[in-house]
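The sequence and structure are shown here.

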Amino acid sequence: GGGDVDVGGGGSRVLMGERAESCADACARVGLRCSLSTLRELNSCDALRRHYACPSGCEDSIGEDQPAQVVVDAPASFKPGTCLVTSERLDCHGSHPHTSRLCACDPPGRS
């Protein structure tokens, strides 16, 4: 993978955040802003598997850092390599020390 992918025709970009990075920060790092509506479309195991290996599978979790993959060198109790989706509220500003978030970013001028 080359990392950046266009989603649909809307011009949103999908980014894989650094470990412990929120989507707000990941998007800002490349001059974009986090798109909550597109993030909802990424909140599925299928979407995660397009970008991450998910070597430990994919499961429903609770946390504002989802959708995400637990980094492979996380402590064992955090299930390293597991992809996580949530049925809870999504948040552009959520982050977790042991996950890399799948993020959706829009150009800053678009509303």
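## Overall make-up

In this chain, 69% of the contacts with a separation of 6 or more are between residues 24 or more positions apart. The model is a predicted one. The chain holds 3 helices and 7 strands, and from the N terminus on these elements follow the order β-β-α-β-α-α-β-β-β-β.

The chain has 111 residues, and 46% of them count as buried. Its accessible surface amounts to about 5,600 Å². Carbon and sulfur atoms contribute 50% of that surface.

## Disulfide pattern

A disulfide is a covalent bond between the sulfur atoms of two cysteines. The whole structure contains 5 disulfides. When the bonded cysteines are counted along the chain, the pairing reads 1-9, 2-10, 3-8, 4-6, 5-7.

The link of Cys-23 and Cys-103 is left-handed, at -85° about the S-S bond. Cys-23 and Cys-103 are both buried.

Helix H1 and strand S7 are also the elements that hold Cys-27 and Cys-105, respectively, another pair linking distant parts of the chain, 78 residues apart. Here the disulfide has its sulfur atoms 1.9 Å apart. The torsion about the S-S bond of Cys-27 and Cys-105 is about -80°, so this disulfide is left-handed. Cys-27 is buried, as is Cys-105.

## The link from strand S3

Cys-34 is joined to Cys-92 by a disulfide with an S to S distance of 2.1 Å. Because Cys-34 is in strand S3 (residues 33–34) and Cys-92 is in the loop between S6 and S7, the pair ties together parts that are 58 residues apart in sequence. The torsion is -75° about the S-S bond, and the link of Cys-34 and Cys-92 is left-handed. Both Cys-34 and Cys-92 are buried.

## Positive phi values

Cys-54 is not a glycine, yet its phi is positive, at about 45°. This residue sits in the loop between helix H3 (45–51) and S4. Is Cys-54 buried or exposed? The relative accessible area of Cys-54 is 5%, so the residue is buried, the cut-off for buried being under 20%.

Lys-79, a residue other than glycine, also has a positive phi, near 60°. Its place is in the loop between S5 and strand S6 (83–86). Lys-79 has a relative accessible area of 44% and is therefore partly exposed, as exposed means over 50% and buried under 20%.

## A cis peptide bond

The peptide bond that joins Gln-66 and Pro-67 is cis, with omega about 0°. Pro-67 is located in the loop between strand S4 (58–61) and strand S5 (68–70).

How values were computed
Residues are numbered from 1 along each chain as its sequence is written. This is a predicted model: local features need pLDDT of at least 70, side-chain atom pairs count only at pLDDT 80 or more; totals for chains, interfaces and linings use all residues. Side-chain values use heavy atoms; hydrogens and water are left out. Helices (H or I, at least four residues) and strands (E, at least two) are DSSP runs, numbered from the N terminus. Buried means under 20% relative accessible area, exposed over 50%, partly exposed in between (1.4 Å probe, protein chains only). A disulfide is a pair of cysteine sulfur atoms within 2.5 Å. Contact means heavy atoms within 4.5 Å. Accessible areas come from the Shrake-Rupley method with a 1.4 Å probe; for residues, only the protein chains shown count as cover.
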